[in-house]
Amino acid sequence: MAVTANREANQELRARLAEVHKRYARMRSELDDLQRRVDAVRVTVVSADGLVRVTVGPRGELIDVKLIRRATRNMDNEYVSRTIVATVHTAAERAAERIQTLMADYLPPDSGALRYLRDHNFGSLLGRSDEIVQDLAGRDD
């Protein structure tokens, strides 16, 4: 009995490997530029009432905060505090969206790393590994 190769499957596999290699080569050659672009991300948000302006960096870290002093001088400190926190939160979300957009050019849309950037769930990083382990465990039963 002669064994024959499925040439169509081989061509599909080769095309997929070529695409993966192309993405890797592009990502590797542009990694320094990507790092500079990520590091340069700054997002500034003004609160809805205009009392607070914050700027955050690429990881959502607070870089600058400005209060309109004449407006906040006679305001309830709790209100001002909540407004600052809410404004920083909004800015951090927008920074995360920018980082996701930058990274989407380099990672497959279903990659664990990109899912992690969206959902901040470490399980996203292990999703594919979990599937493989479960599949292998199922074969041993």
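## Surface and charge

What does the accessible surface of the protein chain come to, and what percentage of it belongs to carbon and sulfur atoms? The accessible surface is about 10,800 Å², and carbon and sulfur atoms hold 53% of it. Such areas come from the Shrake-Rupley method with a 1.4 Å probe; for residues, only the protein chains shown count as cover.

Before going on, please note that this is a predicted model, in which local features need pLDDT of at least 70 and side-chain atom pairs count only at pLDDT 80 or more, while totals for chains, interfaces and linings use all residues. Residues are numbered from 1 along each chain as its sequence is written, and side-chain values use heavy atoms, with hydrogens and water left out.

Charge comes next. There are 23 positive and 22 negative side chains in the protein chain, and 8 Å separates the centres of the two sets. Lys and Arg count as positive and Asp and Glu as negative, with His and the chain ends not counted. Each charge is placed at NZ of Lys, CZ of Arg, CG of Asp or CD of Glu.

## Overall shape

Six helices and three strands make up the list of elements in the protein chain. Helices (H or I, at least four residues) and strands (E, at least two) are DSSP runs, numbered from the N terminus. In sequence order the pattern is α-α-β-β-β-α-α-α-α. The radius of gyration of the protein chain is 23 Å, well over the 14 Å that the globule rule gives for 141 residues, so the chain is more spread out than a compact globule. This radius is taken over C-alpha atoms, and the rule is 2.2 Å times the number of residues to the power 0.38. Along its principal axes, the C-alpha trace spans about 90 × 40 × 20 Å.

## A look at helix H4

Thr83 sits in helix H4, residues 77-104. With 10% relative accessibility, Thr83 counts as buried. Buried means under 20% relative accessible area, exposed over 50%, and partly exposed in between (1.4 Å probe, protein chains only). Other buried residues of H4 include Val80, Thr87 and Met103. Beyond its neighbours within four places in sequence, Thr83 is in contact (heavy atoms within 4.5 Å) with Ser47, Asp49 and Val52.

## A look at helix H6

Asp135 belongs to helix H6, residues 122-140. At 40% relative accessibility, Asp135 counts as partly exposed. Asp135 and Leu117 are 18 residues apart along the chain, and their C-alpha atoms are separated by 26 Å.
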